[in-house]
Amino acid sequence: MNTIVKKANRLPREVWVASISLKGLWPEKTIEKRIKDVLERMESLYAFEPDIICLPETFQISWVDEIKTLEEIAEDETIPGPVTSRIAEVARKQNCYIVCPVVTKKEGRFYNSSILINRQGKIDGVYHKIHPVDTEIIPETYYKGGGMTPGVMRPPVFKTDFGTIGMQICMDASWFANWSSLKDDGAEIVFFPSQGPFGDTLVHHAWFNHYYIVSGTGEDARIIDISGDIIASDGEFARWVCAPVNLEKVFIHIWPQIQRFDDIQKKYGRKIRFKIYHPENWATLESLDPDLKVRDILKEYDLPAYDEQLKEATEIQSKYRLK
Amino acid sequence: MGVSVPSCNTAINGENKKLPREVCVASIDLKGLWPDTTRESRIKKILDRMKSVAGLHPDIICMPELFDTMWVSEKLTIPEVAEDEKIHGPVTGRIAEFAKKNNCYVVCPVYTKKGGHYYNSSLLIDRKGIIAGAYNKIHPVKSEILTDSSVKDEVGVIPGALDQPVIETDFGKVGMIICYDANWSDGWDNLRKQGAEIVLFSSAFPGGRMLNYYAWRNNCYIISSTGGDARVVDMSGNDLDSSSTFVRYAWANINLEKVNADTWPTNERLPDMFNKYGNKIGVKVWDKTGVITIESRDPHLKVRDVLKEFDIKTIEENIKISEIIQHRYRL
């Protein structure tokens, strides 16, 4: 469990992320009971003053006996509906963002969506699951009263007051282009509401794209570092996670940069933190000082970030490779 | 320590016979052999370490990147050590002799010269000691390409072509990847498209979770041989074996008559499959990577036929089918 750091004492780019799992809340008889259980589980998080909470995929209907048609449960994408408004109320009271995954309806089509609710309880944006399962899509197979339309191939990113975020849902994890696209568009944290937990798949998407992933699923809840390390995961005695992630952090290839690490550590002492990933030859460098930017340190020592190093290497390789 | 994957080592009808597509793979690491003073000393030590695994009768052994010169203090230029890609040189000749004597393939990573250019390569030597193919590192480190111009006779390597081949062996299709290449996915994707079933990774650095990722992403086994460790990674993305403090090599009997399937809905079909085929099939649920591997343990049973019978799709097939449906319904 993390020591609670009050908002006033946090680093400028320190973001407290949280999520809950649905474990132990299913099977469930009614939608109303599920919503109440989810709201109750969320209450454990408020003492941490989280900046954002991620809820599991279609949390109000997943593994619930009560069956309603898509028309009956679908919510609007801009104005909070019956479920979104209850979640929006929490967001406003707790002064946090919430990733609220519900079925939405837009121009006559249904989507498996994640709605981003801001600190004022307003809807900031929506993500439509790009890769729904076949049975979700084909009408009357999994859902009553229709099927889900797959979202457009390029997922949106959203600017929040703490950074740029993206969202993915469940089976989206089995594809790669959508995750890369979020990286290309600057996502620093990706939220992953899901039914399945997707184990190491999320670990790999995190390190491959160098962003944090926060998952809230039917089985677990996790916070994954940009290196793929698990920062926090839920368990038998707490079906939620809340922890800080530092966006003032950069991913580096250790060679030949490691030759300068000692000098940097000597100069900045406890104002910075290196973590070395020996087998992979990676490192992360983060600033623990509100007045120190990691990019400024890299610039001072003429060190490239991982992506910059690979970009330069690719250019040199292309130049020398036989045509 | 090495493992014998149960499915592979299961005696069939009481006889300890190999399955038709069972392959014994082995690799050694360089740990404890560096720094070394001379190239000759290094080669001798490497050959000694390889002898440690010879008794397993491996079908293929993977050696570390540039094993004869890596972290050796004897100063030798690339032109002095580079070998031909097709005809044995001083080092490949000795490794070829080992391959022939032990009736195995060997991945032999050395500098090579072709058309006046030098490459950081892996040569695949076959059971007869003949060079069956070459892989040229496609993403050398900057300092390998741009050498120090102040040093006399210093030359660098050039990057290999992006479309490196897979090589047919008598047990299946293999591909090779070298060290820094692991930071790009293009080389791995290229091998997958050509049907590589095993990728041999020779390297200075171990690769860690990167190799687990590529094995899972490409549905292939990865055998690594590096400066820090040697590993056998399953197609599910999980480690099957790795070298350790007192044993600096890794090995496993792997089965190429095996596929990756999604955990769901495959889990729902398992009981029927067990009822019909019992221990003629091997099933392993890898919760950590969300994969179920299914393999045939019977020489007369093809795993693809079993999948078809129970309407189970491999992960790759599922992705293809889903994309067709998603495309049809997407605006």
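Predicted model: local features only at pLDDT ≥ 70, side-chain atom pairs only at ≥ 80, totals over all residues.
Residues are numbered from 1 along each chain as its sequence is written, chains are lettered from A, and ligands are numbered from 1 in the order in which they are written. Local features need pLDDT of at least 70 and side-chain atom pairs count only at pLDDT 80 or more, while totals for chains, interfaces and linings use all residues.

**View 1. Overall form of chain B.**
Chain B has ten helices and 17 strands; helices (H or I, at least four residues) and strands (E, at least two) are DSSP runs, numbered from the N terminus. The radius of gyration of chain B is 21 Å, close to the 20 Å given by the globule rule for 331 residues, so chain B is as compact as a globular protein of that length. This radius is taken over C-alpha atoms, and the globule rule is 2.2 Å times the number of residues to the power 0.38. The C-alpha trace of chain B spans about 70 × 60 × 35 Å along its principal axes.

**View 2. Domains of chain B.**
Chain B is divided into domain 1 (3-255) and domain 2 (258-329), with bounds from an automatic or database domain assignment. The C-alpha centres of these two domains of chain B lie 31 Å apart. Twelve residues of domain 1 of chain B are in contact with 14 residues of domain 2 of chain B; contact requires C-beta atoms, placed from the backbone, to lie within 7 Å. The side of domain 1 of chain B that touches domain 2 of chain B has five nonpolar, seven polar and no charged residues. Here Ala, Val, Leu, Ile, Met, Phe, Trp, Tyr, Cys and Pro count as nonpolar, Asp, Glu, Lys and Arg as charged, and the others, Gly among them, as polar.

**View 3. Domains of chain A.**
In chain A, domain 1 covers 7-246 and domain 2 covers 249-320. Their C-alpha centres are 32 Å apart. Six residues from domain 1 of chain A and nine residues from domain 2 of chain A make up the contact. On the side of domain 1 of chain A that touches domain 2 of chain A, three residues are nonpolar, three are polar and none is charged.

**View 4. Contact between chains A and B.**
Chain B contributes 30 residues to the contact, and chain A contributes 25 residues. Helices α5 (142-145), α7 (209-218) and α10 (315-329) of chain B each supply at least two residues of the side of chain B that touches chain A. The most come from α10(B), with five residues. That side of chain B divides into 14 nonpolar, eleven polar and five charged residues.

**View 5. Three-stranded sheet of chain A.**
An open sheet of three strands in chain A has the order β13-β15-β14, with antiparallel pairing; two strands pair if DSSP finds at least two bridges between them. Strands β13 (249-253) and β14 (272-277) of chain A stand at the edges with a single partner strand each, so one side of each is left without a neighbour in the sheet. Neighbouring strands of this sheet are turned by 20° against each other on average, direction ignored. β13(A) pairs with β15 (residues 282-287) of chain A over five bridges, and A:I252 stands opposite A:A283 in β15(A).

**View 6. Three-stranded sheet of chain B.**
Antiparallel pairing joins three strands of chain B in an open sheet with the order β15-β17-β16. β15 (258-262) and β16 (281-286) of chain B are the edge strands, each pairing on one side only. Six bridges link β16(B) to β17 (residues 291-296) of chain B in the antiparallel sense. In β17(B), B:T293 is the bridge partner of B:K284.

**View 7. Hairpin and backbone turn in chain A.**
Strands β10 (residues 221-224) and β11 (residues 230-233) of chain A run antiparallel and are joined by three bridges. A:I224 stands opposite A:I230 in β11(A). The two strands form a hairpin with five residues between them, and A:G228 in the turn has a positive phi of about 95°. Elsewhere, A:F198, which is not a glycine, has a positive phi of about 65°; A:F198 lies in the loop between β8 (189-193) and α6 (199-209) of chain A.

A cis peptide bond with omega of about 0° joins B:W34 and B:P35, and B:P35 is in the loop between β2 (22-28) and α2 (39-54) of chain B. The bond from B:W264 to B:P265 is also cis, with omega near 10°, and B:P265 is found in helix α8 of chain B. This helix (residues 263-277) has a kink of about 45° at B:R269, shortly before the proline B:P271; the bend at a residue is the angle between axes fitted to the seven residues ending there and the seven starting there.

Methods:
Axes fitted to C-alpha atoms, helices over the stretch in contact; angles between N-to-C directions. Contact = placed C-beta atoms within 7 Å.
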